[in-house]
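Welcome! Here are some exercises to work through with the structure in view, each followed by a solution in steps.

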Amino acid sequence: MLDRRLIQNFDWVLLLVLLMQAGISILNLYSATYPIREMGGSEIFLKQIYWFLIGFAVLLLATTFNYYALERLAYPAYFFAIALLILVLFAGRVTSGSQRWLSLGPVSFQPSELAKIVMVVVLAKFFSVRGEYKKYRLRDLWQPFILTAIPCFLILKEPDLGTGLFLALISISMVLIARVNWKSLVILIGASGLAAPLIWFGLKEYQQKRVLSFLSPEMDPLGTGYHINQSKIAIGSGQFWGKGFLKGTQTRLHFLPEQHTDFAFSVLAEEWGLIGSVILLLIYLFMILWGLNIAKNSKDRFGSMIATGIVAIIFWQVVINVGMVTGLLPVVGIPLLLFSYGGSSLISTMAAMGILMNISMRRFMFQ
Amino acid sequence: MLKPSHFDPVSSEILGKQLKVAILFILVVFGILILRLWFLQIVNGPTYRARSEHNRIRLQDIPPFRGMILDRNAEVLVDNRPSYDLYVIPEEIQDRSQLLNRLSSLGGLSRETAEHLLDKAARGYPFKPVCLKKDMSRDELASIESHRFDLPGVMIYVRAQRHYFYEGLASHVLGYVGEISENQLLSSQFPKNRPGDLIGKRGVELRWQTQLNGIRGGEQVEVDAVGRKIAVVSRKAPASGANVCLTIDKRLQSLAEKSLQGKHGTVVAMNPSNGKILALASSPSYDPNRFIKGLDEKTWQDMVSSKDFPLQNRALTGQYPPGSVFKIVMALAALEEGVVTPEEEISCNGSLSLGNATYRCWKKHGHGRVNLHRALVESCDVYFYTLGRRLGVDKIAQYARRLGLGKETGIDLDTEKGGLIPTTQWKLKRWGIPWQQGETVISAIGQGFVLTTPLQMANLISSVFNGGRMYTPQVTEWVRKANGESLFEFAAISREAGIKPRHLALVKNALVGVVNQPHGTGSKARLNDIVVAGKTGTAQVVALRKEGASKREEDIPWEFRDHAWFVAIAPASEPEIAVAVLIEHGGHGGSAAAPTAKEIIKAYLQARS
């Protein structure tokens, strides 16, 4: 039964922010796909509306049960996600050279999206079980290391460099929040420094090229160099007030690559200027701080750690995507969550937001 | 109810401290992002605004040059030539009707076609150039060039077009190029290719597609209001495709094709001691250049549905009953199995009766008593009927397979067929009825279910003169990049058929006799100074011909006439060339096919000395 207190404690603020975000996303997609639609093509923004509707249903569903259930479900869900990641390597749909999608009849989804949330839950379980206040030493961390390494490896194998490293970032963020003693920290940093060349040589040729073209865009004038250049023109030409809705020339003339997915932010920045982009960033910042507040006020460590992990997902995705389209980071193909077009990513993000609200609602409940 | 982890104020306090650090970090990072936006949109905003207003920087592909295809003497068979294509940018047309009028008078462009193409393109991006005419003539090009300033929006692109130097020469080996298909794109068979690319569709063009293709380059160019390139912002040079050298001898190839003119058939010539294909002709043929210019639907349909099957490579995919050529296999099988000795004589009185069926020898009144040698030389059917009965069909099949029949030879070209060597099991599975005695008898002379390809036959005689070594036929000598880096070099691939040398010697001797002895069936292949060996074959097209139908060849309708085979090798002592000739509905192998084989052998061996 739904407790009355649950409704009293329902996180209306977060829900409101999400609804606002959905509106902005759909409006922006309408503009981003305008040139394609004119040609009689796509109804992408309509599809995104449907995805948001499904997303909100998933969000509400994720608030209905007590999140303790996740603790028990953590490992089965983890192995399920791993199984899907293995399956996608064999049965996945190949698009532009990598296998990231599993098809289920008419819909297809990326198992790596599921893996993100599941990994957060599994790590949260690990860090909550050990109810000590000691800082973690390196040798205490072998378990989270393995738990992260397996999905990371499978995703890199698809190959999806961006998402693979993204997973590692989330895991590291959670470890740092859980407290590590400073000696281990130094060793960790040193080890990752040593691992860098190993990762480098483990990369596929095109992945190496991407990193190189980020370091010096003139090396790849036809690929990512061109994309970053056009994206920077789009963002910069927005200036302070922007060119206005549907008036972005870069967008209209289709100079932007992937303008409804990875480069959706550039469309917003062109049409709404610095004002619009900063407001969007502030919305994300608000979500992040709100999430950390939920983490702090959660009545137990498990909830705190899950909330922290979800915040890490939001934070890194925003930083990587915005960094990428503004030319601060290499183009790794990470979409902007709750903003770019894409069903898999949207549903999994909404599920994560639902869990966040779930934790928030139950912060006063002691049984 | 699940047991919650207990609330712990100490833990919560520690978390609070960690979170403070995290918040600080987050604020700093967001600060950096906002600063970056400030830098792009405010500091450099005006610059970017100006650039976006004049953004005419476009990406232009620079297609790579496809590699050349050469013959064994490095003579160019396929290369590229420039094609001048006429394009229009719809957005920049000022007066459409006027422009089209001018173009039709200057460039020989029909108004309707141009209207149609422009209407079709109207749904696309207005800046995207639309191709109105490919491969303009020199005159058209000159008149358009001289009126360029009256023709806003018109552009001329130069494109390298595949050019098959000798129209129709070796087309079945070379193959042709065509636009990449939907399926090929989806299957990521050629991951580097994009929609609209021309790729190898058949033959060598397909086999070495990845190597021939080269790597696409491109440039970021700045264009002016009329769409002309005014500056190259940056550029990545394309890399030309690798060149492919074939084992084919252009001269021999064209001789082979000439000999097939007006006929349906095929000629394969190969080097028996390494499997290199010297000539591979199939008739009727086609001119691959026609595929480049783009075939209209009707021409294509005609080609595909024509009863002549010009696209079919008969040497590899034509499956014919081998007729008497199969006796080579029979003789070897019988000797190996010991069911006959070279000396044993079998009497032929013109036919063999089995149950209530009678199997005739081609020689009406019989050969009398014949041993193995004479049976091969004079191609006595009754002798081999008898061997067939002694061996049984499964033993025959076992040796036929060892000698490379009934399966693909593995040549480095696409769509090869394996032929068919029947067994009792096969018959039961395929037809659901047991094998009949009579079927063994007709199989023994290469009729009935037995099917082989001409390439397999050339390979068969090669192995007999090779001490039983079977070489995989190949057409590629090397594949090398323009800078000389080698991607592939010919290396012979072979296996042992496992036939005893003395048995091979007996058959070799008999095959020399076929051409050189008085009663030999292949005397038309005889040369004065070179010892040629070979075997004739006549493959019945209609299984049952009416009793006593000893009609003259000319009286039989063409499509019911027999296929003529001749398989030859020379010089017999140290063979350098093996040839298989098949003339569809040519009649007797000895008369219809042997002279062709002789011409080819002669030309090749003379050129060598």
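Helices (H or I, at least four residues) and strands (E, at least two) are DSSP runs, numbered from the N terminus. This is a predicted model, in which local features need pLDDT of at least 70, side-chain atom pairs count only at pLDDT 80 or more, and totals for chains, interfaces and linings use all residues. Residues are numbered from 1 along each chain as its sequence is written, while chains are lettered from A and ligands numbered from 1 in the order in which they are written.

**Exercise 1.** Find which residues of helix α10(B) are buried, and what covers them.

*Solution.* Start with the term: a residue is buried if 20 or more other C-beta atoms lie within 10 Å of its own, exposed if 12 or fewer, and partly exposed in between, with C-beta atoms placed from the backbone. Next, go along α10(B): the buried residues are Lys250(B), Leu252(B), Gln253(B), Leu255(B), Ala256(B), Glu257(B), Ser259(B) and Leu260(B). Since eight of the eleven residues (250-260) are buried, the helix is largely enclosed by the rest of the structure. Its cover includes strands β3 (76-88), β11 (265-270) and β12 (277-283), along with helix α23 (594-608), in chain B. Finally, look just past the helix, where Gly262(B) has a positive phi of about 80°.

**Exercise 2.** Work out how α2(A) and α4(A) are oriented.

*Solution.* First, take the axes, lines fitted to C-alpha atoms over the stretch in contact, with angles running from 0 to 180 degrees between N-to-C directions. Those of α2 (12-32) and α4 (44-64) in chain A come within 8 Å and cross at roughly 165°. Therefore α2(A) is roughly antiparallel to α4(A), a label for angles over 145 degrees.

Conventions
Two residues are in contact if their C-beta atoms, placed from the backbone, lie within 7 Å. Angles under 35 degrees count as roughly parallel, over 145 as roughly antiparallel, 65 to 115 as roughly perpendicular and the rest as oblique.
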